[in-house]
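Have the viewer ready, and we will go from the core to a few strands and loops.

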Amino acid sequence: MSITAGLRRYSEVNDEIKETLLSKNKAVVNDVNGQRYIGCALDTGKTVEIHGTAGNDLACYLNGGRIILYGHGQDAVGNTMGGGQIIIHGHSGDALGYGMRDGEIYIRDNVCCRGGIHMKEFRSMKPVLVIGQNAGSFLGEYMAGGTIILLGLNMKRGEKLFGTHCASGMHGGKIYVRGAFPKENLSPNIKISSLTDEDKKELKKYVKNYCKYFGQDYEAVMSKPFKKLTPVTSRPYANLYTPN
Amino acid sequence: MVNYIPRRFTVVRDRELCIDCGCCVRQCSNECHYFSDDGKTALVKSDNCVACHRCVDLCPTGALRIEKYICDYRDNANWTPQYQQEICRQAETGGVLLSGMGTPKPYPIYWDKILLNASQVTNPSIDPLREPMEIRTILGRKPEKITVEKKGKSTVEMPPQVIIETPIMFSAMSFGSISLNAQKSLAMAAKSLGTLFNTGEGGLHPDLADYTDCAIVQVASGRFGVHKDYLNNSRFVEIKIGQGAKPGIGGHLPGEKVNVEVSNARMIPEGSDAISPAPHHDIYSIEDLRQLIWSIKQATDNKKPVSVKIAAVHNVAAIASGCARAGADIIAIDGFRGGTGAAPTRIRDNVGIPIELALAAADQRLRDEGIRSRISLVAAGSFRCSADIVKAIALGADACYCASAPLIAMGCHMCQTCNTGKCNWGIATQRPELTKRLNPDIMHERVENLINAWNHEIKEIMGGMGINSIDSLRGNRLMLRGLGLSEKELEILGIKHAGE
């Protein structure tokens, strides 16, 4: 049995999802039209399958649960998520994965501004964000940990892999980019390097997942070279202040 | 290297009293005391003295004294020694000036220009020693109207409320900016007093698991330590938009202060900088604020009130109105004299407005718009005594946040160097040899004593006014009179001049 969201208020829809998940491990929501907070703080072992356009703050504070969206996401998908998995068969809006601490997000197409902003890692918690197409400005802004993988698939002529101010204020984590990328859009605090064997192992694992979820040809995706973007220093503001 | 700046203080040792026991040598993290080469004579090197009085207070023979180091500059009301010295500091390092605690500048303190009323003849005063006096405070959104069924039972669904036994709460101080022992002392005191402490943006350390029922947990722009259980293990959740000491900017907890324990609570790697960006990047408008408020309500099944803390800035009244309409249950307004672990000096000393004016303006605006009962107003930004709190409540506050006062109760001497991480009193430091000096089992009692004393003073003042419930004092501006204030100041404060 599935839930039909239609034009109902988000609170009603989300209450119904929570109700369903009390007795079942999976809820299917159809005809979603921008309802907010779907999958909010969803716990480990629970899955929500969404058809339509999910509203802002999809899977915020995700707590180990799994979200599969057949459609597009809006702003702040995976906001402050602490673990779990989000798979979006479409694109995503601004501030994707803001403050994300663990878990995986796979976006089939592109993401707007401030993707992966302030992602952070802690011990075994290492968040991963895989973007199939390209990203808007401020990708990985303030990034403190975790991994962003930017594949650049199906880009139109003249489109760039990422917008301006990429990795501005980044002080941890890494961004893997596939193929040509606009160096002029990178922040000055970022260095470009080749992937180590360990990096490649990590990359392959997540690219394989991406290809599996979205039916892409893994070999074709891996045929183009990847580069790694990392911050020059983990303490960008260490010498900013003088005690008074 | 000559840095062109004379020292601030001189430590004076009375050789007749000193027994060379070395207590001062062990106590001073600024290394102002040391032993002579033969290890027998305690000596002084005052260069780094911050006047924290740790050595003075612990010296068993009272042999130590701190003096201001007086070194006159040529008189100049414009180029004061302070500005000259600050220029020298910046010339040397090229850095942004960083200071601790609230602004020391002599801005007007309106509490000192407001006087309280008392009953005489026409309305009897009440003696709180013998008659019940209610200072219990209930925070949270109140329903627009009450409906009851035939038997008199309310049919209104009550939004979540938080009951505190005093209008005084402890304001946000993160574990990181202060030590775990300091935070634990506040948590213990809050539990025993029936009030709340605030985690700040530092996450909740596992050692404080027993105190979640008196914890306000903060969600700030860095989202450190924020997860489902953190939000749910609290009395209410506070979204930190701004802080009075540094409106409009974020915070950087330097990697040096992120030790194992801080890293556990914040959920970031040890030694890494904890950077809180200036804005929340999911809030660029009141509509976005609404989105975050309701996401927290969704994550907590609507069981926790959500507070929004804003700094007192020029348009604070309109902003407070926006917050109320966005769904906030509590709005905390932090005035510009409020404290901080570290803030750029120029921001701390120049940005924002006093809490007295901000509170009066916001309360009035919310009343004018008919939405005052939708929210509870919490005032913050330097309450030095119980009379300040009574005045704030009469100006419209439901409750007050205090931080500096309980820190002083724990040993803080306002040396204003919290940012250095060398706090000799074990408060604003993460060095184990310093934090162990602060024993929560003792310090929580000192904090409790302070608040209990203030509670009693509040009751005395209320009793003198002939008021026996704090609800009758709230927004009761007739109990206030201004002294030496301009027409405009009186108008904003909504009070009459003394004698009127």
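The largest nonpolar core holds 221 residues, and those with the most contacts inside it are Leu150(A), Ile331(B), Ile333(B) and Cys400(B). Such a core is a set of buried Ala, Val, Leu, Ile, Met, Phe, Trp, Tyr and Cys residues joined through C-beta atoms within 7 Å. Buried means that 20 or more other C-beta atoms, placed from the backbone, lie within 10 Å of the residue's own. Helix α14 (residues 440-465) of chain B gives the most to this core, with nine residues; helices are DSSP runs (H or I) of at least four residues, and strands (E) of at least two, numbered from the N terminus.

This is a predicted model, in which local features need pLDDT of at least 70, side-chain atom pairs count only at pLDDT 80 or more, and totals for chains, interfaces and linings use all residues. Residues are numbered from 1 along each chain as its sequence is written, while chains are lettered from A and ligands numbered from 1 in the order in which they are written.

In chain A, Glu104(A) and Tyr106(A) point one way from strand β6 (residues 104-107), Ile105(A) and Ile107(A) point the other way, and all are buried. Strand β6(A) pairs (at least two DSSP bridges) with strand β5 (residues 83-88) of chain A in the parallel sense over four bridges.

| Residue | Phi | Loop | C-beta atoms within 10 Å |
|---|---|---|---|
| Ala76(A) | about 55 degrees | β4 to β5 | 32 other |

Most residues other than glycine have a negative phi.

Technical notes: Buried ≥ 20, exposed ≤ 12 C-beta atoms within 10 Å, placed from the backbone.
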